[in-house]
Amino acid sequence: MTMQNLLQQCRKKSLSKVLRFWVVLAAVALLLVLACRGYDWDALGRYKGDNISSLHYVRGRVVEVLRDDTKPDQLDPARSMGTQELRILLLEGANKGTEVTIANYLTRTQNVRLRQGETAIICEDLPDSADAYYTVYNYDRAPVLVLILAVFAAAVVAIGGWKGVRTLLGLGFTGAMIAWLILPGIYHGLPSLPLTVAALAVCTLVSLLLLNPPSPKTWAAMLSTLAGVALAGGVFYLFSTLLHLSGMNDTNGEGLVLVAGQTGLELHWLLLVAVLISSLGAVMDVALSLASSLHELREADGKMSGLQLFAAGMRIGRDMIGTMSNTLILAFAGEAVTTLLLLMAYGWHSSQLFASDYVAIQVAQGVASTLGVVLGVPITSGICAALYRPLKR
């Protein structure tokens, strides 16, 4: 290799890094602008919900346990049932610094037993025409949740190094897009399916460019991810049509009927949107892993033809299918354990069980997401075989 060729390769690598940097920087800057300035929903002619409730949730610290008449629960001795009388110092809100006395009732469904010095979330009811009323809402779990996320981030960075940092940036970007763009847009009646597809495409582009510079491997992973997610959505749409399912069949969807009447929220697309979001991570995992494996094979043997790369991708992908299919199906099954046990307690028959909305939704979503992963293997193999050219040594 001559010095001139070496300099040309260095310039190409530098250019790709600069391109990746500016693309990611532009996307993050756009997201920050949207987050800081907010969305002008009124300019779009959309309904903007207002919180007209007098309820507020503030942090409070237990100054003293005045009375504790709790006893261990017979079903679970680790829990207690009974009544506590607490003197609590409000740490937030309009009455910050005020001490209030609260009767804390411990039942099997609402079981928050507090000790002196412990912090909890207090429900503060401040009606205009009555005295303030306080109840214990739940434990203050925010510090523990922050610690859990910090441990996760530290593990990713310690093992992944600089690429681990970029992984966290991509994860944060995707979470912000869902929380600040997809959910508010759907809530305020924007077309939910085009909005979700466009947002997930941007998330895929940013996540992959953060991990790798623009290259055939990156484009192959991106195209494969989008194709796999689209197939998962198409399969679920077919299943939902055959099973007569829509967002109205979901138990949480029933509570959005009033919102849909005022904002134009598209209830019938909610289940499909959920499948697109839930399948993105697994499909991207398989697509990037397979694209990287085939890239390394092509680097090791520059004479491999497209047909040989496709065959190698199918062999590698078969192992991925087994593990990822178990992951997706078991994830859906794990969420349904308590519900299925409850159905067993009520003596549901098998015909009644399979005819229920809940089982139909869980099975359709689980199988559709898994099929997105399975069909992503030949798609990724084919795209890599088309994009990866034999190397000239």
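Buried means under 20% relative accessible area, exposed means over 50%, and partly exposed lies in between, with a 1.4 Å probe and protein chains only.

**Entry 1. Ground rules.** I am working on a predicted model, in which local features need pLDDT of at least 70 and side-chain atom pairs count only at pLDDT 80 or more, while totals for chains, interfaces and linings use all residues. Residues are numbered from 1 along each chain as its sequence is written, and side-chain values use heavy atoms, with hydrogens and water left out.

Entry 2. Leu55 has a relative accessible area of 33%, so Leu55 is partly exposed. Together with Tyr57 and Tyr137, Leu55 forms a nonpolar patch on the surface, with about 300 Å² of accessible area for the three together. Such areas come from the Shrake-Rupley method with a 1.4 Å probe, and for residues only the protein chains shown count as cover. Patches are made of residues with over 30% relative accessible area and no salt bridge; nonpolar side chains (Val, Leu, Ile, Met, Phe, Trp, Tyr) are joined within 5 Å, like charges within 9 Å.

**Entry 3. Salt bridges.** I searched the whole structure and noted 9 salt bridges. The term requires a side-chain nitrogen of Lys or Arg within 4 Å of a carboxyl oxygen of Asp or Glu.

**Entry 4. Asp68 and Arg113.** These two form a salt bridge, with 2.9 Å between the closest N and O atoms. The pair links distant parts of the chain, 45 residues apart: Asp68 is in strand E1 (residues 55-68), and Arg113 is in the loop between strand E4 (99-106) and strand E5 (119-125). Asp68 counts as partly exposed because its relative accessibility is 33%. Arg113 is also partly exposed, at 24%.

**Entry 5. Arg108 and Asp73.** I found a salt bridge between these side chains at 2.9 Å, N to O. This pair also links distant parts of the chain, 35 residues apart, with Arg108 in the loop between E4 and E5 and Asp73 in the loop between strand E2 (71-72) and strand E3 (80-90). Arg108 is partly exposed at 45%, whereas Asp73 is buried at 4%.

**Entry 6. Arg298 and Glu299.** Their side chains meet in a salt bridge at 3.6 Å, N to O. Is Arg298 buried or partly exposed? Arg298 has 8% relative accessibility, so Arg298 counts as buried. Glu299 is partly exposed at 33%.

**Entry 7. A network.** Last, I noted that salt bridges link Arg59, Glu92 and Asp140 in a network.

Technical notes
Helices (H or I, at least four residues) and strands (E, at least two) are DSSP runs, numbered from the N terminus.
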